[in-house]
Structures are given as C-alpha cells and as structure tokens.
Amino acid sequence: MSDSPSSSPESAPEAGSASSSRPPRGIKSYVLRAGRMTVAQSRGLEEVWPRLGLSVADGRQLLETVFGRQAPCVVEIGFGMGQSLVEQAAANPETDFIGIEVHAPGVGKLLDEADKRGLTNLRVYREDALEVLGKCLPESSLTGLQLFFPDPWPKKKHHKRRIVQPAFVELVRTRLAPGGYLHMATDWEAYAEHMVEVMEAAPGYRNTASAESAPYVPRPEFRPLTKFESRGEKLGHGVWDLIYAREDG
C-alpha cells in the first residue's frame, strides 16, 4: 500500500507459470522514482536487510525454511511505505507475511519499523512481483495475496500497464492454496470495474461478496486504514474492496 498511487510490479512470468495471455515482454506496471533516503530508511536497507531481505537470485523458497516454522503466509504486492503490512504482521504473530516493493525508501522504512518492533514474521523482496511469484514462491503455498491501491494507470493508452490482467490473476491462483484469497482494493472506480471484469472471467475463483454488497465487500477489519485512505474518505472518495477465493483443488 502506498500514500500515492502504488507501485505494484509487473513483467512477464517464467515459462509455464501463467497463461499465454501474458503482457508483451518489457511492459511494467510501475515506474521507478528517485527519492531521498532518510537515516531510518538507510538503516533498514543497510542493517536489517541481511536478516529480513529476500532475493529472486535465491530461487524457489521453502516458506517453512524462510520463517523457521509452518504457518499461514500472506503476500502483499506494492506495500508503499509499509504501514499496512507492518500493522498486520504485528497484529497477527501466528501468520507469516512477505512484502514485495520496488522502491528503496519504502523497503527501508518497512525494514526499519519491523526491526524496531521486533517482528520475526515478516520478509521483504525488493523485486518485480511477477518475478517473485513465478520464480520464488511455491505453488499452492499462500493463504492470501494482497494488492492494495495499485497504480490505476487511468489513461486508456496505459491500461496495458495495469497489473490486474488475466495472466497475473492466473499466476496468483497457482500460488494460492485451495481456499486462499486474492484481496484487492482501489480508490479508482473505473479500475475496480476493470478488476471485476478480469476476475469474473478468470477460472478457479469465487467472489466472496454477499448478495447485498456484490461484487464488492466492505473493508475488512484486518485491512488497516492508511493515512492515504483516511484523507480520501474525508474528501468523499470511495474505496472498493474485492476478495476472491481460489475454489478449485
């Protein structure tokens, strides 16, 4: 999650990881931005990364080895400055969390905060999310995957950059355990409608929304309210949450 439109990564997954409807090679759903690093952010990258950082170069991971235990595991793509992810990890010590973010200040901030809170159930990739999903995370291993406030790429000519595409949601499905969930949230109604269109056409998913609220769900209590979202609420901006569960075996 990010205090500005998020930076959820997208590029072509490895062969065999997703359907043939993958986006053209080289298309990304994020733009790397330069930014100054605070002392705390630099500390996170320099001192905490060796303990909590993960790399695509390490290859396929066994989650019980990464965390030293068997536990439910939730991945968040594009966590921005990490506020939501740190809060969730702190509130749910029985669950393991993996964050994926490409921007150094956010990664450094998350690592610094996780270290100060003494969190042991959180790991971080500073990598392209599809590379991580395709090359590092085992099939049927995740309890959930979170995609909060990804960049909506509102201009029609940029829609191909949106991370929520058929190939992406199929790749996510293969990494979810049966019954695992894909939770998306956006404050752009047009992007929410796009998400619904993609998800309703995707095999192996079930919308968890009730008949009263479908296709959306009320914000779950486990998704922390960020400063970005709070400001939007005060301005009358809407937020749309969608939760789809993997229903096939």
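Biologist: How much of the protein chain is buried?
Modeller: Buried residues make up 53% of its 249 residues. Keep in mind that this is a predicted model.

Biologist: And what about the surface of the protein chain?
Modeller: The accessible surface comes to about 11200 Å². Carbon and sulfur atoms account for 52% of that area.

Biologist: How many helices and strands are there in the chain?
Modeller: The secondary structure comes to 8 helices and 8 strands.

Biologist: What share of the contacts comes from residues 24 or more positions apart?
Modeller: They account for 80%, counting contacts in the chain with a separation of 6 or more.

Biologist: Let's go inside. How many residues does the largest nonpolar core have?
Modeller: That core has 41 residues. I77 and F168 have the most contacts inside it. Helix α7, residues 189-201, gives the largest share, with 6 residues.

Biologist: What lies apart from that core?
Modeller: Another core, of 19 residues. Among them are L52, L85, V107 and A209.

Biologist: You mentioned F168. Which residues of α6 are buried?
Modeller: F168 is one of them.

Biologist: New topic: cysteines. How many disulfides are there?
Modeller: The count comes to 0 disulfides.

Biologist: Is C73 buried or exposed?
Modeller: Buried, because its relative accessibility is 1% and the cut-off for buried is under 20%. C136 is buried too, at 0%.

Biologist: Now the annotations. Which residues does UniProt list for "binding site"?
Modeller: The UniProt entry, which is unreviewed, lists K155, D187, T226, K227, F228 and E229.

Biologist: Start with K155. Where is it found?
Modeller: K155 is in the loop between β5 (142-148) and α6 (166-175).

Biologist: Why does K155 count as exposed?
Modeller: Because its relative accessible area is 51%, and exposed means over 50%.

Biologist: And E229, where is that found?
Modeller: E229 is in helix α8, residues 227-234. E229 is buried, with a relative accessible area of 4%.

Biologist: Which residues does E229 touch?
Modeller: Leave out residues up to four places away in sequence, and E229 touches F149, R219, R223, P224 and V239.

Biologist: What does the side chain of E229 do with the side chain of R223?
Modeller: The two side chains make a polar contact, at 2.6 Å.

Biologist: One more residue. Where is the place of A185?
Modeller: A185 is in strand β6, residues 176-186. A185 is buried, with a relative accessible area of 0%.

Biologist: What is A185 in contact with?
Modeller: Setting aside neighbours within four places in sequence, A185 is in contact with L147, F148, F149, P150, R223, W240 and D241.

Definitions and conventions: Residues numbered from 1 in each chain as written. Predicted model: local features only at pLDDT ≥ 70, side-chain atom pairs only at ≥ 80, totals over all residues. Heavy atoms only, no water. Disulfide = S-S within 2.5 Å. Buried < 20%, exposed > 50% of the residue type's maximum accessible area, 1.4 Å probe, protein only. Core = buried A, V, L, I, M, F, W, Y, C linked by side-chain atoms within 4.5 Å. Helix = DSSP H or I, 4+ residues; strand = E, 2+ residues; numbered from the N terminus. UniProt positions renumbered as here; feature names shortened; annotations may be inferred. Contact = heavy atoms within 4.5 Å. Polar contact = N/O pair within 3.5 Å; in protein donor to acceptor, adjacent residues only side chain to side chain. Areas by Shrake-Rupley, 256 points an atom, 1.4 Å probe, with all protein chains shown as cover.
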